[in-house]
Amino acid sequence: MHADEIATDADLVRQLLAAQFPQWADLPIERVASGGTVNAIYRLGDELAVRLPLREAGASQIEKEREWLPRLAPQLPLALPVPLAQGEPAPGDPNDSGYPVVWSVMPWLQGDLAFPDRLTDLDEAARSLAVFLRALQSIDTTGAPVPGAHNYGRGVPLATRDAHTRDAIARSEGLVDIEAVTAAWEADLAAPSYEGAPVWIHGDLQPANLLVQDGRLSAVIDWGALGIGDPAVDLLPAWNLFDGESRETFRRAMDVDDATWARGRGWALSMAIVALPYYIDTNAAMVSLARTMLGATLADHAR
């Protein structure tokens, strides 16, 4: 997916474990099939997982999760994958049992990915996720990481994404109706900016980062985009998970004004149009999600 992607395999994982965490080195290891773009995930036995960044830039996210998830998890109503151990870089290259950045051992949280057909009641899921997000936004932010490269700038003013978004629209010629996407982007970009204090954000709420057990939301995973900023970015599920009545339920439960809703929709559109041309030949899951989000945001504008 990435020109600078780090190669990994199960043998490398076992060698890293043997050198740094021998208590886990004999457990079964299996790569998890995933549309994820930041980490390679390996199932480790029945209860653990190993996450290895696919690029060197992902190391800061491993360190951030280790610092902050233990503090956030006790204050939130859904489960979080609190890291159990952080592995260190190993000398050499991936072809010689080497790995250049930090990595982590996490608990394996049971559950299915939160696609709509796996949720018993989308309205209940919308309310549950809203309760979670409002709890997250209420947590003290002292010392919290501000938006930056570590979280792809999630939570910054929407206007800072303008040039990047327009470039992606131009690169999507033939993939989408670029006139319609441009008009929608400009409409959301015109929404008043966020004037409140920065709050905690997950930054990448999509069905693959939400888990379901017995038809209900049970966990929120992959906190690499964690930071503080404009909470509008965490409205993404309105356009990648919920639809129709459940979208309205989510909006009411989040109790957001029109400007925040527009900025959230702008984030959904921007993230989708940036992902579409980048992953068009390498990641079918990301392309499908991008098309879903684009369709939902354009339909929302057409109402």
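In this predicted model, helix α8 (residues 258-279) packs against helix α9 (residues 284-302) at an angle of about 145°, and their axes lie 8 Å apart. The crossing of α8 and α9 is left-handed. On the α8 side the contact is made by Trp261, Arg265, Ala268, Leu269, Ala272, Ile273, Ala275, Leu276 and Tyr279, which meet Met286, Val287, Ala290, Arg291, Met293, Leu294, Thr297, Asp300 and His301 of α9. By class, the residues of this contact comprise 13 nonpolar, two polar and three charged.

A further helix pair is formed by α3 (residues 122-137) and α7 (residues 245-254), with an angle of about 25° and axes 8 Å apart. Angles under 35 degrees count as roughly parallel, and α3 and α7 are therefore roughly parallel to each other. Their crossing is right-handed. From α3, Leu122, Asp123, Ala126, Arg127, Leu129, Ala130, Leu133, Arg134 and Gln137 meet Glu245, Ser246, Thr249, Phe250, Ala253 and Met254 of α7. The residues of the contact of α3 with α7 divide into eight nonpolar, three polar and four charged.

| Helix pair | Angle between axes | Distance between axes |
|---|---|---|
| α8 and α9 | about 145° | 8 Å |
| α3 and α7 | about 25° | 8 Å |

Note on methods:
Residues are numbered from 1 along each chain as its sequence is written. This is a predicted model: local features need pLDDT of at least 70, side-chain atom pairs count only at pLDDT 80 or more; totals for chains, interfaces and linings use all residues. Side-chain values use heavy atoms; hydrogens and water are left out. Axes are lines fitted to C-alpha atoms, for helices over the stretch in contact, and angles run from 0 to 180 degrees between N-to-C directions. Helices (H or I, at least four residues) and strands (E, at least two) are DSSP runs, numbered from the N terminus. Angles under 35 degrees count as roughly parallel, over 145 as roughly antiparallel, 65 to 115 as roughly perpendicular and the rest as oblique. A crossing is left-handed if the near helix is turned anticlockwise from the far one by less than a right angle, and right-handed if clockwise. Contact means heavy atoms within 4.5 Å. Ala, Val, Leu, Ile, Met, Phe, Trp, Tyr, Cys and Pro count as nonpolar, Asp, Glu, Lys and Arg as charged, and the others, Gly among them, as polar.
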